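Let's take a walk through this model, one piece at a time. Have the sequence and the 3D view open as you read.

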Amino acid sequence: MNVSDLLDLARKSGAILATAESCTGGMIAVALTDIAGSSDVFDRGFVTYSNAAKQDMLGVRAETLAAHGAVSEEVAREMADGARAHSRATLAVSVTGIAGPGGSEFKPEGRVCFGLSQEGRATLSETVEFGPRGRAAVRAATRDHALALIAAALADPPVV
C-alpha cells in the first residue's frame, strides 16, 4: 500500500497518527508528511535518538532501559504508548534498533524492534532481523515495515 492510500485509510477510520522513532531519525514521519494534506491525520513525530530523549519525551522508564536496553520490544512498547499519551494520536508506531554499522553478538546490526499502540487495543511489539544490509537499507526497510504495520492496524478488520 502506498502512503497516500494509508492516509486515506486513516481518514476513513478516523485515526490520528503519531510516530516515535530512534534508528530512523524521523523517516517515518517524513514519509507520512511528504503527502499534501496529511496534517488532518498526522499529529506529530518524536525523534528520540538518545535514552534521555526516550525518557523525557515519551516516558520510557529508566528501569526498562536498564533491564532490557534501548533495542528491545519492552522499550518499543513504552515508546509507542508514550507517543500516544503525549499526543492526540489514536494510533502510534515506534521503532528502535541498530541500523549499523556495528552491533554486537547479542544485538546485531539490522535488529529493529517495533511497537504499535492503538486506542482500545493491547500494545503490540515485534522484532525484525533485517540483517547487515548497511545503514541506509536497514533504515529504509524499517520505515517501510512501520508503515505496513500502520496500514495493517487500520485495515477492517485489522490484520495485526
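**From a hairpin to a helix pair**

Start at the hairpin of β4 and β5, where 5 residues sit between the strands and Gly120 takes a positive phi near 80°. Keep in mind that this is a predicted model, with local features needing pLDDT of at least 70, side-chain atom pairs counting only at pLDDT 80 or more, and totals for chains, interfaces and linings using all residues. Residues are numbered from 1 along each chain as its sequence is written, and side-chain values use heavy atoms, leaving out hydrogens and water.

Strands here are DSSP E runs of at least two residues, helices are H or I runs of at least four, and both are numbered from the N terminus. Strands pair if DSSP finds at least two bridges between them. β4 (residues 111–118) runs antiparallel to β5 (residues 124–129), with 6 bridges joining them; Val112 has Val128 as its bridge partner in β5. Antiparallel β3 (residues 91–97) is joined to β4 by 7 bridges, and Val93 has Leu116 as its partner there.

How many of β4's residues are buried? It's 8 of 8, with buried meaning under 20% relative accessible area (1.4 Å probe, protein chains only). In a regular strand, side chains alternate between the two faces of the sheet. On one side of β4 are Arg111, Cys113, Gly115 and Ser117, and on the other Val112, Phe114, Leu116 and Gln118.

Now for the helices. The axes (lines fitted to C-alpha atoms over the stretch in contact, with angles from 0 to 180 degrees between N-to-C directions) of α1 (residues 3–13) and α6 (residues 135–154) come within 10 Å and cross at roughly 35°. Contact (heavy atoms within 4.5 Å) involves Leu6 and Leu9 of α1 and Leu147 and Ile150 of α6, among others.

Technical notes
Buried means under 20% relative accessible area, exposed over 50%, partly exposed in between (1.4 Å probe, protein chains only).
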